[in-house]
Amino acid sequence: MDSWWELGEHSGYSGGVLETHRLTCAFCGEEGNFSLSHRETKKHASDKDKVLYFDTLRCGNCANFLMAFWSAGSALYGYHTVPWRIGEFKIPEAWPKEVSRFWQQAKRASARGDLDAAAVMARSAMQAALRASDASGKTLRHEIDNLAEKGLLPPVMKEWAHELRLLGNSSAHPDDDEPAPEKNDVTDVVLFLEQLLTYLFSLPDLIAQYRGRKNAPK
Ligand SMILES: [Zn+2]
């Protein structure tokens, strides 16, 4: 996205109106319980149909506020909200549930500084992601190689996947000779995991959205 005016133009959610059931209160965690407290809008100078919305939403549970900036395109809408829930990590909709569960735990553990737990959960998230992508093999090592052989993992991702596997293994199977994982390394593998999940799940979803737009009746 090169301009905020493109929000909701190329990717986002189906429909033309912000669905507040998608939103979570940053203060109490209540989901989808909002009423509109205030709205400002700004119309595009030349495109009459393009409007940016600046909504202040009130939580029906704790009465605190959430600001939602959103805009609809032709068939989709996009949004951003502040503030967000501290310590919560929003799961992209295209990611499989089991993968997301492990990823969330890896993020939480990493944020707490529980490095062994983060490394093990990141490894589990990767294994779940490979299996959701139909990787076969007796061990995680074989599953990574299998997906690479099928051409679904580029060489550089295969290498990184093995690094993540080894870091996760060290934390899962304690050994006196094995040093504790380093914060930088755990941060890096969690970052890699997110790139992998984006590549395996978000990218195909974006392509499907793109094709859907191309094939949609004009
Ligand atoms: Zn609330």
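## Crossing of α2 and α5

Helix α2 crosses α5 in the left-handed sense (left-handed: the near helix is turned anticlockwise from the far one by less than a right angle; right-handed: clockwise). Helices here are DSSP runs of H or I with at least four residues, strands are runs of E with at least two, and both are numbered from the N terminus. This is a predicted model, in which local features need pLDDT of at least 70 and side-chain atom pairs count only at pLDDT 80 or more, while totals for chains, interfaces and linings use all residues. Residues are numbered from 1 along each chain as its sequence is written.

The axes of α2 and α5 come within 10 Å and cross at roughly 20 degrees. Axes are lines fitted to C-alpha atoms, for helices over the stretch in contact, and angles between N-to-C directions run from 0 to 180 degrees. The two helices α2 and α5 are therefore roughly parallel (angles under 35 degrees count as roughly parallel, over 145 as roughly antiparallel, 65 to 115 as roughly perpendicular and the rest as oblique). On the α2 side, the residues that meet α5 are Leu 115, Ala 118, Ala 119, Ala 122, Ala 125, Met 126 and Ala 129. Their counterparts in α5 are Lys 183, Val 186, Val 189, Val 190, Leu 193, Leu 196, Leu 197 and Leu 200. Contact between two residues requires C-beta atoms, placed from the backbone, within 7 Å.

## Chain overview

The chain contains five helices and five strands, and its elements run β-β-β-β-β-α-α-α-α-α from the N terminus on. Along its principal axes, the C-alpha trace spans about 65 × 45 × 25 Å.

Of the 218 residues in the chain, 28% are buried. A residue is buried if 20 or more other C-beta atoms lie within 10 Å of its own, exposed if 12 or fewer, and partly exposed in between, with C-beta atoms placed from the backbone. Among contacts between residues at least 6 apart in sequence, 58% join residues at least 24 apart.

## The sheet

The five strands form an open sheet in the order β1-β5-β4-β3-β2, with antiparallel pairing. Strands β1 (13-14) and β2 (34-43) are the edges, each pairing on one side only. Two strands pair if DSSP finds at least two bridges between them.

Strand β3 (residues 51-59) runs antiparallel to β4 (residues 65-72), and six bridges join them. Tyr 53 has Trp 70 in β4 as its bridge partner. The β3-β4 hairpin has five residues between its strands, and Ala 63 in this hairpin takes a positive phi near 65 degrees. Strand β4 also pairs in the antiparallel sense with β5 (residues 76-82), over six bridges. Here Ser 71 has Gly 78 in β5 as its bridge partner, and the hairpin from β4 to β5 passes through three residues.

## Phe 34

Phe 34 lies in strand β2. This residue is buried, since 23 other C-beta atoms lie within 10 Å. Leaving out residues up to four places away in sequence, Phe 34 touches Thr 20, Leu 23, Leu 57, Arg 58, Cys 59, Gly 60 and Leu 66. Tyr 79 is 45 residues from Phe 34 along the chain, and their C-alpha atoms are separated by 15 Å.

## Helix α1

Helix α1 (residues 97-112) has 16 residues and should span 22 Å at 1.5 Å a residue, which agrees with the 23 Å between its end C-alpha atoms. The expected span is 1.5 Å times one less than the number of residues. Gly 113 follows α1 with a positive phi near 90 degrees. The buried residues of α1 are Val 99, Ser 100, Phe 102, Trp 103, Ala 106, Lys 107, Ala 109 and Ser 110, and they pack against α2 (115-132) and α5 (183-215).

The axes of α1 and α5 are 11 Å apart, at an angle of about 155 degrees. That makes the two helices α1 and α5 roughly antiparallel, and their crossing is left-handed. Val 99, Trp 103, Ala 106, Lys 107 and Ser 110 in α1 meet Val 186, Thr 187, Val 190, Leu 193 and Leu 197 in α5.

## Trp 160

Trp 160 is in helix α4 (residues 155-172). With 21 other C-beta atoms within 10 Å, Trp 160 is buried. The C-alpha atoms of Trp 160 and Lys 107 are separated by 18 Å, and the two residues are 53 residues apart along the chain.
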